[in-house]
Every structure is written in C-alpha cells, then in structure tokens.
Amino acid sequence: MSKKLGKQLVAPTAALMLVASLIGCSGGDNKNANSGASSAAATQNTQEVSSTPSQKPAEVVKLSLYGPQFGGNYQSGEQTDEVAKEIEKRLGVSLQIETHPDEQKFNLMLASGDLPDVMVTEQKFIKQLVEGGRVLPLDELVQSKGKQMVEEFPQKFEFSKKYYSNDTGKLYFVPGYDGPIPPAYTYDSVALVTRWDLYKKLGYPEYKSLDDLLPILKKMQDLEPVNEQGQKVYALSPWFDWGLWSATTYPANNLNGASGDLVEFDAERNMKTNILQDDAAFWQGARFYNKANRLGILDPDSFTQKFENHVEKAKANRILFSWVSWSGESDATKAYAAAGQKDKGFAALPPIKGGYQYNGDYNDLGQGSRLYAISKNSKNPEKAMELINFLNSYEGSELLLNGIEGKHWSVENGKPQMKPEIIQQSLNDPNFAATTGIGKYTNWVGHGPGSIDPKYNVPIDFFSSQEAFKAKLTDLDKEMSEHYGVEYPGQVVENAVKSGDIKFASFNGIYNAVTPTDSDDIKRIKDNIVQYLNKKIPELVLTKNDEQYESMKAGIIAKLKEMDVQKVIDDAQTKAATARETAKPYLR
C-alpha cells in the first residue's frame with residue numbers, strides 16, 4: 001500500500017544548521033523529511049558520490065560485516081554477486097559477510113570483543129557496545145567520510161545522538177532502513193503462504209480461523225505426501241533457532257494486530273494483551289502447532305532445525321505452508337516455473353476476516369533494528385565509514401535493491417524502470433538473488449524500499465512500480481488474481497482493507513527508539529522468562545491431548561508468575577505511556 005510522505009520534521013533553516021554542525025558544510029534546503037534533501041541537492045550529491053568511485057581504486061580493502069538476517073541461504077565469506085562486485089569496483093571494498101547471523105553468535109562475539117569491521121546491530125545492544133568500548137564514536141569520521149548520507153538526511157543523525165547513544169550525546173550508530181512502507185505486489189510476509197495448486201485442487205476451501213486451516217493443510221499433505229525424491233512432506237516445518245518468532249509472529253501481527261512476545265502493543269503503543277492472557281500470541285501459536293502435531297502435519301525436526309534447514313526443505317518441495325515467502329517458498333515456486341510446472345507454487349492466501357494484515361515496520365528516522373556501527377577493532381575505520389556512507393545514500397540503497405543502472409535497470413521517459421528481462425529472470429531463476437545480488441541485501445539498505453528518490457520522485461525500489469507489477473505477473477499469479485477478481489495479488493488484501501474485512505497492522509519504530517532502556521533487573525527477568533518459554537514450547541506442542549495441554553499451560557503460567565512476569569508487564573506499560581508522549585514530535 002502506498003503511504004503518503006510525512007510532514008517535515010525539521011524546518012529548512014534548522015536542517016541547514018544541522019548539516020553544518022555535523023559535516024561543516026551546507027546540504028541545501030530540506031524540502032522533505034523522508035528524502036532529507038531537495039531534488040537538486042540529491043542529484044548533485046549522487047553525482048559527487050558516483051564520480052569518485054568511477055576510477056577503480058588502486059587497492060581493494062577487505063571489510064568484515066555482520067548484520068541482519070538474509071532472506072535466503074547464502075554462503076558466508078567473500079560475496080561475489082554482481083552487486084557486491086559493483087561495490088568493490090566503486091569503493092574498493094570487498095564484502096566479507098557472515099550470512100547466518102543469530103543472537104547467540106553475536107553475544108559470543110560481544111563478550112570476546114571479536115567483532116567485525118562493520119556491524120548492523122539492534123537497539124537492545126547499544127548499552128553493551130558503548131559502555132564496553134566495542135564501537136567507535138563516529139562524530140569525526142562522518143565529517144570526512146560520511147558527508148553524503150548526512151546531507152541527504154541530517155535529522156536522523158541528531159536523533160541517533162539523542163536516542164541511540166546510551167545518553168552520551170555522541171554519534172555511535174547510523175540508523176538505516178528509513179522511510180515509509182512501499183507499495184506491495186503481494187503481502188506474503190507475514191501471511192498464510194500456501195501451496196496454491198494444492199489449495200486449488202481442494203476447491204478453494206473456506207476458513208475463518210487458524211483452526212479451520214488445519215484440516216485443509218492435512219488434506220494438502222495427503223495429496224502430496226512425498227516429494228519427487230520420495231522424501232516425506234510436511235505441511236508445517238517451523239524453526240525455533242530464532243526463539244519464539246515461529247510461534248508468535250502470525251498470531252501477534254495478523255490476529256492481534258500487535259507486536260511483541262511477552263507484552264503485545266498495537267500500532268499506537270496501547271497494550272493489546274500479555275503472556276498471562278489466553279489470546280496472547282504465544283498461546284495461540286503453541287496451540288496451533290499442538291493441534292497440527294496431533295494431525296501428523298508438523299515436521300518432527302521443527303524444534304531442532306535451524307532457519308537454513310527450513311529453507312533447504314522448502315526448496316526441496318518438502319513443505320506446504322509458511323508464515324513468510326522468503327524462507328525458501330519463493331525459491332521453490334521459481335524452481336517449479338523453471339521446470340515447466342508454472343501452475344505449481346506458493347501464494348499468500350487472503351487474511352482471516354476480522355483480523356489484520358501485517359504491512360511492515362517503518363521509521364522516518366531509521367530503524368532501531370538497523371544500526372550501522374564500526375568496531376573499535378577495525379583496521380580501516382575510514383574505509384568502513386565510506387561503505388556505511390554509500391549504503392546509506394540513495395545511490396547505494398538503489399544499487400542493493402535494483403542492481404546496476406544500464407545492466408539491470410534504465411531510465412525511460414524520466415522514470416527508472418527495471419529491464420523486462422531482469423524482471424523475468426527474478427521470477428524464474430531460483431538463484432537470481434545469489435547471482436545478481438538484487439534483493440539479497442534488502443535488510444542492509446540505508447533508505448528503505450518505500451523511501452522516495454528525490455531525483456525521480458518514485459520509491460527507490462523500482463520493482464514496486466505499477467509497470468513492474470504488471471510485468472511481474474506469473475502464470476500462477478494471474479490464475480490467483482483471476483480467481484479473486486483483481487489485477488495483481490496484493491489487491492486481494494487491499495480490497496479486504498477497503499471493505500472493512502481486515503485492517504493493516506503497521507508499526508512505527510519511533511516508539512521503540514524513544515522507549516527507555518530496560519533496567520538490569522527487568523532485562524534479567526525477561527531473559528529468564530524467554531529462555532524458559534523456549535525450553536517449554538516443544539513440551540507444550542508435543543502434548544497428546546487437551547487435558548495434558550491445559551495442565552501444562554496452567555503450570556507454565558504459574559511458573560511465569562513466580563518468575564515475576566507481572567513486573568515485566570507493569571514496566572512495559574509504564575514505558576509505553578512514556579513513549580507515547582515522547583514520540584509525538586516525531587510522528588507523521
């Protein structure tokens with residue numbers, strides 16, 4: 001869904017002063033808070049960045065990077081896709097990336113101090129990183145090597161010094177992924193991502209709840225019990241190396257219209273429910289998997305496998321359902337198409353009526369889950385800042401999202417357009433992202449896909465244009481769209497919102513940014529509770545009948561109370577009230 005740009009956050013004169021204070025030069029009028037610069041200024045800046053790297057650097061510097069999860073199973077180490085090689089060509093930087101990050105790995109790195117040159121980290125690690133002296137202050141580096149990103153969007157640097165500095169007032173982190181939510185071709189994250197061809201074979205059965213889906217998924221599994229190699233197929237194969245995510249993400253976002261695990265808040269930061277209530281996402285998710293297990297449609301590897309195991313199973317046609325398409329299901333659809341089976345593959349079914357459709361997190365001033373930093377261990381902090389500067393520019397973000405101008409996209413009638421053959425390749429080649437790099441680094445962009453390029457006045461994700469939407473229609477998408485009477489899959493959701501059947505659930509990251517940090521006591525309680533729930537959820541899901549399930553649930557709730565969960569709930573509500581007031585000046 002296209003979102004209108006927000007109000008200007010800083011007046012033009014203040015913006016000029018802000019740029020001057022950060023980099024010692026004027027950045028032009030700040031005509032728009034989301035783009036952070038006027039079209040003329042942005043055009044000039046883009047030309048400045050582009051002209052410097054056009055002469056191939058004499059020496060290539062290897063930089064180690066650690067950051068957000070990739071939407072695919074890629075090889076760690078040196079990245080050699082076309083986008084990565086273009087960055088090497090322009091900046092003289094070879095990207096050495098750990099492509100399978102997780103919190104446990106990062107905690108070990110944090111404890112040992114063995115951190116990479118560049119990291120994209122989260123707000124919850126700020127205190128440890130700053131107090132432990134693990135990251136460099138960037139105030140001086142941005143003056144020499146970060147001018148481009150500061151000129152494009154000065155406000156988020158002052159915001160970072162205020163809210164992402166552990167109260168030091170210094171610049172340690174560059175918030176990335178700023179801007180509004182982009183238009184959506186399909187709403188398949190978070191959603192009911194299902195094998196469309198099998199759903200069609202069953203006659204498009206109706207469902208009004210998650211429980212209604214279970215017998216449908218059982219019949220689908222009966223239709224296809226093994227894959228082409230004779231391996232067992234399961235309807236559901238979640239992964240729990242991301243903690244409670246697989247259990248809570250859909251119930252929280254799409255049933256409760258909320259975010260959070262122990263305490264859930266709506267888009268305006270009002271509490272919807274908490275872990276002691278029956279409608280909490282944790283209990284809804286656990287019950288769903290418990291019933292699935294009793295039906296024989298839950299993969300027994302679910303509690304021991306990792307995300308990448310799910311991805312490989314999806315690509316091997318061993319899974320029929322997921323909450324997201326980027327966990328291998330979209331790759332499986334491409335593989336079917338490449339094999340000539342264009343009627344087979346995954347699609348996001350319409351949301352459950354009366355619920356919500358998760359539409360994304362956004363923050364005009366950058367996400368607290370996308371904080372660029374430079375480790376004190378970096379042997380080349382200047383080059384690291386050059387890379388951060390580039391990735392947080394319109395030029396760099398557009399490269400990560402769309403590839404190389406002239407090779408992957410071109411300007412037609414004054415507007416950037418993806419080349420038709422590239423769109424087709426993206427639809428049909430399972431290795432498209434791995435080979436080209438397009439879309440592979442979406443979580444690493446400084447400007448989010450919905451940010452408006454001030455030069456072209458369009459979202460910087462060129463795949464989100466109406467022309468691209470029409471060109472992207474696969475045979476399966478056309479079939480689904482015709483069934484529901486729409487032009488493209490995303491309209492199924494948009495029409496449901498217009499009719500009042502569902503609502504969008506979108507979450508402004510400003511609230512998280514201004515929420516006070518947990519005290520050591522609250523953090524300890526929360527960590528212990530989450531560890532306890534991670535340990536108990538397999539036991540809960542594997543109970544054999546309703547009596548066992550309810551008995552164990554009651555025991556878990558009693559234990560949570562003993563563990564002072566009420567302190568966490570009360571603390572979260574107090575902080576939410578503070579955040580609602582503090583956020584007001586920044587809301588659009």
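**A cavity and some charged pairs**

About 70 Å³ of space lies in the largest cavity. Keep in mind as you look around that this is a predicted model. Searching the whole structure turns up 4 cavities of 30 Å³ or more. What lines the largest cavity? Its lining includes Leu236, Pro238, Trp239, Tyr289, His310 and Phe321. Strand β9 (residues 321–324) gives the largest share of that lining, with 3 residues.

Now let's turn to the charged residues. Side chains of opposite charge can pair when their charged atoms come close. In this model, the count comes to 31 salt bridges.

Start in helix α3 (residues 82–91), where Arg90 and Glu86 sit 4 residues apart, about one turn of the helix. Their side chains meet in a salt bridge, at 2.9 Å from N to O. Are these two buried or exposed? Both Arg90 and Glu86 are buried.

Next, head to helix α23 (residues 520–541). Arg524 forms a salt bridge with Asp521, and their closest N and O atoms are 2.6 Å apart. Arg524 and Asp521 are 3 residues apart in the helix, so about one helical turn separates them. Arg524 has a relative accessible area of 44%, so it counts as partly exposed. Asp521 is partly exposed too, at 32% relative accessibility.

Asp571 and Lys575 form a salt bridge with closest N and O atoms 2.8 Å apart, and both residues are buried. They also belong to a salt-bridge network that links Asp518, Lys526, Asp571 and Lys575.

Methods. Residues are numbered from 1 along each chain as its sequence is written. This is a predicted model: local features need pLDDT of at least 70, side-chain atom pairs count only at pLDDT 80 or more; totals for chains, interfaces and linings use all residues. Side-chain values use heavy atoms; hydrogens and water are left out. On a 1 Å grid over the protein atoms alone, a cavity is a set of points where a 1.4 Å probe fits but cannot get out, and a pocket is an open set with protein on both sides within 12 Å along at least five of seven lines; lining residues have an atom within 4 Å of a point. Grid points are joined across faces, edges and corners, and a volume is the space filled by probe spheres set on the points. Helices (H or I, at least four residues) and strands (E, at least two) are DSSP runs, numbered from the N terminus. A salt bridge is a side-chain nitrogen of Lys or Arg within 4 Å of a carboxyl oxygen of Asp or Glu. Buried means under 20% relative accessible area, exposed over 50%, partly exposed in between (1.4 Å probe, protein chains only).
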